[in-house]
Structure formats: C-alpha cells, structure tokens
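Please read these notes with the model open beside you. They go point by point.

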Amino acid sequence: MPPEQRRAAIIEAVRPLLAEFGESLTSKQIAAAAGIAEGTIFRVFADKDELIDATLDAALDQEQFEAALRDIDAEQSFEAQLIEATLLIQHRVVDVWTLLSHVNAKRHEQVRRPMTDSAALADLFGAHADRIRTEPVNAARLLRALTMSLTHPMIAAEASTAADIVDLVLHGIGTGVNE
C-alpha cells in the first residue's frame, strides 16, 4: 500500500478508538483496528502524539464534508436538500465534539481555528436564491451556526431535528400572522 494510503487508513482506524478511549488508546489497539503490525504504525508516524494530531486534523478537514454536500441530490426539493445538509452538519458537530472531548485540553488549542465558509453549502443556497432573502454564503453561515448551537451536546440538552432546524431557517419563529 502506498505510504499516503497507509497513513490515511491508520488515521481512519484511530478515529473511533480516539472517540472511545481518548489518548489512552494503545498501539496494540491501533494495529488491530488497522489490520497492521504495531511496528508499521511507527514507520508512518513518529509517535502516538503525531498520530493523534493527524487524526484530529483529518477530523477537522472540511474536504469530505464539502464532497458529501456536493453529493446531495439536486433533484430533491430545496427543503429536502437542506435537511440532508443539516444532517451532515449535525453528524460532523457530534463527531468532532466526541473526539475533542476525549483528548487533553492542550490539543484543543492546537486544533482551534475559525470556521471556514462552506462553498458547497453556499452553492446549494445559491441554486435556490429566489427562495432566500440573504446572500447564499450568509444563508450557509446561518444554517451552520444554528445547527451547531441546536446540536452541540454541551449547548443543547437534546438536539433539534434537522427538519425543525430547516423549518426555523426558512420560516423563522413567527406565526406569519401580523397583529
């Protein structure tokens, strides 16, 4: 297996272990999960810290998230597309939070970065620009921010459904009746 593929496979095997065991995961667990010899880990990574850092970086990389958003079927209704996108955002929020809650606080500083805009989500809104009253990139930011705040386990006692979040984004909290 080429080195970059081996590296990616080890990182992928470590993600669930890191979420379950935190930094106390062992090289034996990693090797078993990745289907490799323990020594192979350290031919790819200098030490366990480098592997954990690489796993966190991979979890925060937006490339897979963007690809998943672009795979949403454009033939669906606008609402159905947004619900699917919101489910992806919710999944990402919980996955990243789970990983970060199982690592040392010093690693939080290493991975802290501002949220970047999602071009794929902005494009989804842009394809329905006649249905929104703000710029697509702003609509994407609002959906992500609201989804994060209504999903994050440390903020929301119980996560809102994707359908409820999309309804709130598209229709607000008002009744539509003017007094």
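1. Is Val-44 buried, partly exposed or exposed? Val-44 is partly exposed, with a relative accessible area of 22%. The cut-offs are these: buried is under 20% relative accessible area, exposed is over 50%, and partly exposed is in between, with a 1.4 Å probe and protein chains only. Val-44 sits in helix H3, residues 38-44.

2. A word on provenance. This is a predicted model, in which local features need pLDDT of at least 70, side-chain atom pairs count only at pLDDT 80 or more, and totals for chains, interfaces and linings use all residues. Residues are numbered from 1 along each chain as its sequence is written, and side-chain values use heavy atoms, with hydrogens and water left out.

3. The overall make-up. The chain has ten helices and zero strands. From the N terminus, its elements read α-α-α-α-α-α-α-α-α-α. Helices (H or I, at least four residues) and strands (E, at least two) are DSSP runs, numbered from the N terminus. The C-alpha trace spans about 70 × 35 × 25 Å along its principal axes.

4. Burial and surface. Of the 179 residues of the chain, 34% count as buried. The accessible surface comes to about 10,500 Å². Carbon and sulfur atoms account for 54% of that surface. These areas come from the Shrake-Rupley method with a 1.4 Å probe; for residues, only the protein chains shown count as cover.

5. Contacts along the chain. Take the contacts between residues at least 6 apart in sequence: 66% of them join residues at least 24 apart. Contact here means heavy atoms within 4.5 Å.

6. Charges. The chain carries 16 positive and 28 negative charges. Their mean positions are 8 Å apart. Lys and Arg count as positive, Asp and Glu as negative; His and the chain ends are not counted. Each charge is placed at NZ of Lys, CZ of Arg, CG of Asp or CD of Glu.

7. Back to Val-44. Which residues does Val-44 touch, not counting those up to four places away in sequence? They are Arg-6, Arg-7, Ile-10 and Glu-50. Val-44 and Pro-3 are 41 residues apart in sequence, yet their C-alpha atoms are 7.4 Å apart in space.

8. Ala-34 in H2. Ala-34 belongs to helix H2. At 25% relative accessibility, Ala-34 counts as partly exposed. Leaving aside neighbours within four places in sequence, Ala-34 is in contact with Ile-10 and Ala-13.

9. The loop between H1 and H2. Gly-22 lies in the loop between helix H1 (3-21) and helix H2 (27-34). Gly-22 is buried, with a relative accessible area of 2%. Beyond four places in sequence, Gly-22 touches Leu-17 and His-102. Ser-24 is also found in the loop between H1 and H2. Ser-24 is exposed, at 54% relative accessible area. Its contacts, not counting residues up to four places away, are Gln-29 and Lys-48.

10. Helix H9, length. How far apart are the end C-alpha atoms of helix H9? They are 20 Å apart. The expected span is 1.5 Å times one less than the number of residues.

11. Helix H9, buried side. The buried residues in H9 are Pro-136, Ala-139, Ala-140, Leu-143, Arg-144 and Thr-147. They cover an arc of only 130 degrees around the axis, which puts them on the same side of H9. The arc is that of the directions from the helix axis to the C-beta atoms. An α-helix has 3.6 residues a turn, so residues three or four places apart point the same way. The cover over the buried residues of H9 includes helix H5 (63-70), helix H6 (78-100), helix H8 (119-126) and helix H10 (162-171).

12. Helix H10. Ala-162, Ile-165 and Val-166 are the buried residues of H10. They cover an arc of only 95 degrees around the axis, which puts them on the same side of H10. The buried residues of H10 pack against H6 and H9. Gly-172 follows H10, and its phi is positive, near 75 degrees.
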